[in-house]
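Trainee: Could we go through this protein chain together, step by step? I would like to learn how to read it.

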Amino acid sequence: MSLNHQLSDLFRTMAAVFEIRGEPIFKSIAFSKVSRLLKDMTVDIKKLHDQDKLDEVEGIGNSSKKIIRDFISTGRSPDYEEVVASIPAGLIPLLDIPSLGPKTIRLFWKERGVTNMEQLVKALDTGALDGLKGIGEKKLQSIKQGIDLLSQSAGRMGIVDAMPIATALVERLRALKPIKQAEIAGSLRRCRETIGDVDLVCCLKDITHAEEISAAFTSFPEVERILGQGKTKASVLTVGGLQVDLRIVPVDNFGAALLYFTGSKDHNVRIRGMAIDKGLTLNEWGLYKLDEYEKSEKKTGEASAAKPVACKTEEDIYKKLGMQWVPPELREDRGEITAAVNDQLPDLITLADIRGDLHSHTTASDGQASIEQMAEAAKALGYEFLAITDHSKSQVIANGLPADRLLKHIAAIRKAGDKIKGITLLAGSEVDILVDGRLDYDEKILAELDFVVASPHVSLKQDADKATARILRAIDSRYVNVIGHPTGRLIGSREGLPLDIDAVVQAAAANGTALEINAGYPRLDLNDIHARAALNAGVMLSINTDAHSTEGFSEMIWGIQVARRAWATRKNVINCLSLSDLKKFISKKR
């Protein structure tokens, strides 16, 4: 976890504690704002601190700056410690439970004496929380489900937090002279949305340096604790609580090791089975002729003494097995092996294929940058188009636009578009899908927009029938181009709408409505499974950042990775269309 995110979590916790204590709400709001600001920053807060530029950051008050300075200088904050010490320590972990907010925690504490997880679970089981004002059976059931969800995600880290840690460690490894190559492996290389631990693989020209590399790895500054250390492998726990395992192999065996430790287990089992069918055997050292391998093992006690058929690169091994090299994102035994054997793997989408972002926010609603600033940032990325899609009127908390403000905003977008050359701005809106599937603006207003993203934001615990009917009604609107973050889920904290995905994708295909992969973490919604179902039904996808700042555009890569796991090519994504083809896509439905 980066320092920015550590501090963001610290301020988020302080904000919650103020609510638990019953303090005036402005205190909580102020600290929540600092938390969001730190989480969204792309600049390292420590760098600003070291350059004495912390005072230049807008939105951080003096008391918050003191907390930041203390934490950077000493690794702790007396102010934070004083605040959290003012409530029972067991209440803090309860904040991680989905569906359980600070106000409810305060109520359980003050009215029923609940001060930790064990007491909460017991109170839920015995009915001790029944009868509390404002707490119905549905709420209590939601909290039980939240506890179950929390236990399922325990020990896992989101890809957005894990990837920077792993990348930094790999860069440090590559800087060590004996190392020829170093790569990320495991579920992180396959771009799973959450990571249990990280696997790294490196190779040496001279394997006698392996012990030296193992020692260097365990002494990296990111390492908090050494879990194990040997000549060819080491395991550590990083400062952010992430377990990282390093394998050290000779350069000639690197491809086999990378393939083996990338997985998945199901993919590896299948290709090992293919090897056996060909009279071969495959392991982390290489691909061998089975009879020679067994003979070597019997004669010398070391099977590795046999000469491999292929081992240096993954490509060599796949080729010897009679198949294409399989991109890591596809290695889940979901049809990729048959496709690779038949030379039918897709040419997966890349970040370079994206021509524009179709979901972004400005200061007109809850964004942090102006229309012009967002446009210039998108232009700097080489984008050909950008849709400005601020929130609709029902999103009061996000400063959503009533119809009269929206019409003025549309005019402002078009004026900015005329002024800024080299990029086309689309006047859009992220329109709320109301509980019954109606849209937040009437058709007369929607007709004024160039582009409409319709998204669910509230009532995300409807039953499957109501939730699906709600989304289907929005899909059917002639003005809706994309359904934004269709389930509304938040990874690790909110499951989202229990949609009948088959019905949704069939309706989207029939109506010419795209479905979004929202690239913002912890959304990544649609997920890879649902996105692939959409592609199989012939639905176009839209990969968007939902950017609320110019820095937010950088999150596009996370959506690309979801799309790659879904087998998407640039032909499946409307963000990859030329501007003229995008306009045809929009007008065809209208």
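Trainee: Thanks! Is A454 buried or exposed, and what is its relative accessible area?

Mentor: Good place to start, but first a word on the ground rules: this is a predicted model, where local features need pLDDT of at least 70, side-chain atom pairs count only at pLDDT 80 or more, and totals for chains, interfaces and linings use all residues. Residues are numbered from 1 along each chain as its sequence is written, and side-chain values use heavy atoms, with hydrogens and water left out. Buried means under 20% relative accessible area, exposed over 50%, and partly exposed in between, with a 1.4 Å probe and protein chains only. A454 is therefore buried, with a relative accessible area of 0%.

Trainee: Which residues is A454 in contact with, leaving aside neighbours within four places in sequence?

Mentor: A454 lies in strand β13, residues 451–455; helices (H or I, at least four residues) and strands (E, at least two) are DSSP runs, numbered from the N terminus. Contact means heavy atoms within 4.5 Å. With neighbours within four places set aside, the contacts of A454 are V431, I433, L439, V480, V482, I483 and G484.

Trainee: In what order do the strands of the open sheet stand?

Mentor: Strands of a sheet pair through backbone hydrogen bonds, either parallel or antiparallel. Here, two strands pair if DSSP finds at least two bridges between them. The open sheet has 7 strands with parallel pairing, and the order is β10-β11-β12-β13-β14-β15-β16.

Trainee: Which residue is the bridge partner of L515 in β16?

Mentor: Strand β15, residues 514–518, pairs with β16 in the parallel sense over 4 bridges. In β16, the partner of L515 is L541.

Trainee: How many residues of strand β12 are buried?

Mentor: Strand β12 covers residues 424–432, and 7 bridges join it in parallel to strand β11, residues 385–391. In this pair, A387 stands opposite L426. Strand β12 is mostly covered, and its buried residues number 8 of 9.

Trainee: How many residues lie between β8 and β9 in their hairpin?

Mentor: Strand β8 (residues 280–283) and strand β9 (residues 286–289) pair in the antiparallel sense over 4 bridges. L280 stands opposite K289 in β9. The hairpin they form has between its strands 2 residues.

Trainee: What covers the buried residues of helix α11?

Mentor: Helix α11 spans residues 210–218, and its buried residues are A210, I213, S214, A216, F217 and T218. Their cover includes a helix, α9 (159–174). It also includes the strands β2 (179–184), β4 (198–204), β5 (223–229), β6 (233–238) and β7 (243–250).

Trainee: What does T13 touch, not counting residues up to four places away in sequence?

Mentor: T13 sits in helix α1, residues 3–21. T13 is buried, with a relative accessible area of 11%. Beyond those sequence neighbours, T13 touches Y80, V84, I92 and L95.

Trainee: Where is L524 found, and what is its relative accessible area?

Mentor: L524 has a phi near 40 degrees, a positive value in a residue other than glycine. L524 is found in the loop between β15 and α22. L524 is buried, and its relative accessible area is 2%.

Trainee: And D52, is it buried or exposed?

Mentor: D52 also has a positive phi, near 60 degrees. D52 lies in the loop between α3 (45–50) and α4 (62–74). With a relative accessible area of 63%, D52 is exposed.

Trainee: What is omega for the cis peptide bond from D525 to L526?

Mentor: L526 is placed in the loop between β15 and α22 (528–536). The bond from D525 to L526 is cis, with omega near 10 degrees.

Trainee: Last one: what is the radius of gyration of the chain?

Mentor: The radius of gyration is taken over C-alpha atoms, and the globule rule is 2.2 Å times the number of residues to the power 0.38. With 590 residues, a compact globule would come near 25 Å. The chain agrees with that, at 26 Å.
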